[in-house]
Amino acid sequence: MNKAESAALELLLAERGWKPVADPELADLVLINTCSVRITAENRAWGRIALYAALKKRRPFALVVTGCMAERLKHDMRATQPAIDYVVGTFQKQAFGLVLDAVAAGKRLEEIEESPVYEFASSYHEPGAFRSFLPIMHGCENFCTYCIVPYVRGKEVSRDPATILSELGELEERGIREVTLLGQNVSSYRWKEEGGELDFPALLERIAGFLEGRGKGGIRWIRFLTSHPKDFDRRTMDVIASSPVFCRHVHLVAQHGSNRVLKAMNRKYTRESYLSLVDELKARVPGVTVSSDILMGFPGETENDVEDTLDLMRRAGYVYSYTYHYNPRAGTPAATMPDQVADAVKKQRLARVIGLQRELSRDSMKALVGGEVEVLVEDVSKKRADELLGRTQQDMMVVFPGPSSRVGSFARVRLTGLRGNTFRAVEVP
Ligand code: SF4
């Protein structure tokens, strides 16, 4: 979501005549888009801000901080670091143009208005890009007990399907081949319209029909992020299976494998219901892969809970996982729960999760060697200029020989082997 919002800000800057510079020492404006989801992300942002604050002592420029940290800390950020000129929160982004105009005119904007609802920024991509994000909903009302997102992103709001389709059409016109639909929880997308309510599977169906109706064949792959297991349903599975435009990959976030911990996290599903969802998904969508986020070291977590998580990961057979250890976030219920787990124990448990995930990723990749898959060529290999780097629908990386002119196009390849987490392959006619 931050990447999509940064891209929209780049568009706003470009429209106002701002140009990027390679060296921040030369910039008239430094804009930092922050993340609050983990304390490490905030610490990194503070480090970056301190760096620019030091630079500002040598020459003047405007320093603007935005994103979830700006929303969470608001004016406290300027009290902590007076070198910051503007702090623009989640619900002030509609006023960004005014901030930029004030900076350009060398004036000071005293008040930045808040908007009562989140305003979607239109999707944007660099010229020549072939992948794009497309926000479809924003915010979250799930209040998982460890998570800061509902406090900094606000209530769920879905985007008008007509706007989504028209942006999709524009992206296709601009040469985009793959679109990722974005939302904190895409499965809770809801739009009231004449004749009823459009939910997420119905939106997917509408998108598939729209692209088919246009018949241009430009956008060939649609992905979506992120799906909450409590809302992801059988209809969504059937829609994915019904159209080749939907990538055979779902990021279905479990967070943990112990029912006791899931309850304390307020995740609203059990390990049993989660695993049966994964089984059903695999049965209904042949070839689908599943990935997840796993959060270790939640307050009160025991050795049995860790074993339950490792077991759930094995049963789900994740192709990859984003793994974290728990950091208390001030203002969330879990931050004040008893039995906080010691840092050393969290790290040791996380290391076990990472070790298992490595094995699982390797096993699921090994099983595919010898087969043929389609890839979207993303780049030239960093190691060899005569090799290309592609990504499969299942979100796996493939290296194969080919010219740089193929970047941005689709290729059919035979997987010949594995090096680390990357397939080796040859193109097939
Ligand atoms: S579903 Fe839970 S973890 Fe995800 S953004 Fe909402 S509160 Fe946070």
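Student: Is strand S15 enclosed by the rest of the structure or open, and how is that read?

Tutor: The reading rests on burial, which here means under 20% relative accessible area. In this predicted model, 5 of the 6 residues of S15 (residues 387-392) are buried, so the strand is largely enclosed by the rest of the structure.

Student: Which strand pairs with S15 through a hairpin of 6 residues?

Tutor: That strand is S14, which a hairpin of 6 residues joins to S15. S14 (residues 372-380) and S15 run antiparallel and share 5 bridges. Valine 380 is placed opposite leucine 388 of S15.

Student: In what sense do S15 and S16 pair?

Tutor: S15 and S16 (residues 397-401) pair in the antiparallel sense, over 5 bridges. Glycine 390 has valine 398 of S16 as its bridge partner. The hairpin of S15 and S16 has 4 residues between the strands, and within this hairpin aspartate 395 adopts a positive phi near 70 degrees.

Student: How many salt bridges does the structure hold?

Tutor: The general idea is that side chains of opposite charge can pair when their charged atoms come close. The structure holds 40 salt bridges. One of them joins arginine 153 to glutamate 5, with the closest N and O atoms 2.7 Å apart. Arginine 153 belongs to helix H6 (residues 149-153) and glutamate 5 to helix H1, so this pair ties together parts that are 148 residues apart in sequence.

Student: Are arginine 153 and glutamate 5 buried or exposed?

Tutor: Arginine 153 is buried at 4% relative accessibility. Glutamate 5 is also buried, with a relative accessible area of 6%.

Student: What salt bridges involve glutamate 374 and glutamate 372?

Tutor: Glutamate 374 meets arginine 220 in a salt bridge with an N to O distance of 2.1 Å. Because glutamate 374 lies in S14 and arginine 220 in the loop between helix H8 (200-214) and strand S10 (221-225), the pair ties together parts 154 residues apart in sequence. Glutamate 374 counts as partly exposed at 25% relative accessibility, and arginine 220 is partly exposed at 31%.

Glutamate 372 forms a salt bridge with arginine 412, at 3.4 Å from N to O. This pair links distant parts of the chain, with glutamate 372 in S14 and arginine 412 in strand S17 (residues 410-419), 40 residues apart. The relative accessible area is 41% for glutamate 372, which is partly exposed, and 39% for arginine 412, which is partly exposed.

Student: Which residues are linked in a network of salt bridges?

Tutor: Such a network links Arg131, Glu178, Arg223, Glu378, Arg391 and Asp395. Asp395 is the residue with the positive phi in the hairpin of S15 and S16.

Student: How many disulfides does a search of the whole structure find?

Tutor: A disulfide is a covalent bond between the sulfur atoms of two cysteines. The search of the whole structure finds 0 disulfides. Cysteine 144 is buried, at a relative accessible area of 8%, and cysteine 247 is buried at 2% relative accessibility.

Student: What lines the second largest pocket?

Tutor: Rolling a probe the size of a water molecule over the atoms shows where empty space is left. The second largest pocket has a volume of about 310 Å³. Its lining has 15 residues, and those nearest the centre are Ala8, Leu12, Lys93, Phe120 and Ala121. The lining divides into 8 nonpolar, 3 polar and 4 charged residues.

Student: Which helix gives the most to the lining of that pocket?

Tutor: Helix H1 gives the most, with 6 residues. Helices H1 (2-15) and H5 (96-105) each supply at least two residues of the lining.

How values were computed. Residues are numbered from 1 along each chain as its sequence is written. This is a predicted model: local features need pLDDT of at least 70, side-chain atom pairs count only at pLDDT 80 or more; totals for chains, interfaces and linings use all residues. Side-chain values use heavy atoms; hydrogens and water are left out. On a 1 Å grid over the protein atoms alone, a cavity is a set of points where a 1.4 Å probe fits but cannot get out, and a pocket is an open set with protein on both sides within 12 Å along at least five of seven lines; lining residues have an atom within 4 Å of a point. Grid points are joined across faces, edges and corners, and a volume is the space filled by probe spheres set on the points. Ala, Val, Leu, Ile, Met, Phe, Trp, Tyr, Cys and Pro count as nonpolar, Asp, Glu, Lys and Arg as charged, and the others, Gly among them, as polar. Buried means under 20% relative accessible area, exposed over 50%, partly exposed in between (1.4 Å probe, protein chains only). Two strands pair if DSSP finds at least two bridges between them. A disulfide is a pair of cysteine sulfur atoms within 2.5 Å. A salt bridge is a side-chain nitrogen of Lys or Arg within 4 Å of a carboxyl oxygen of Asp or Glu.
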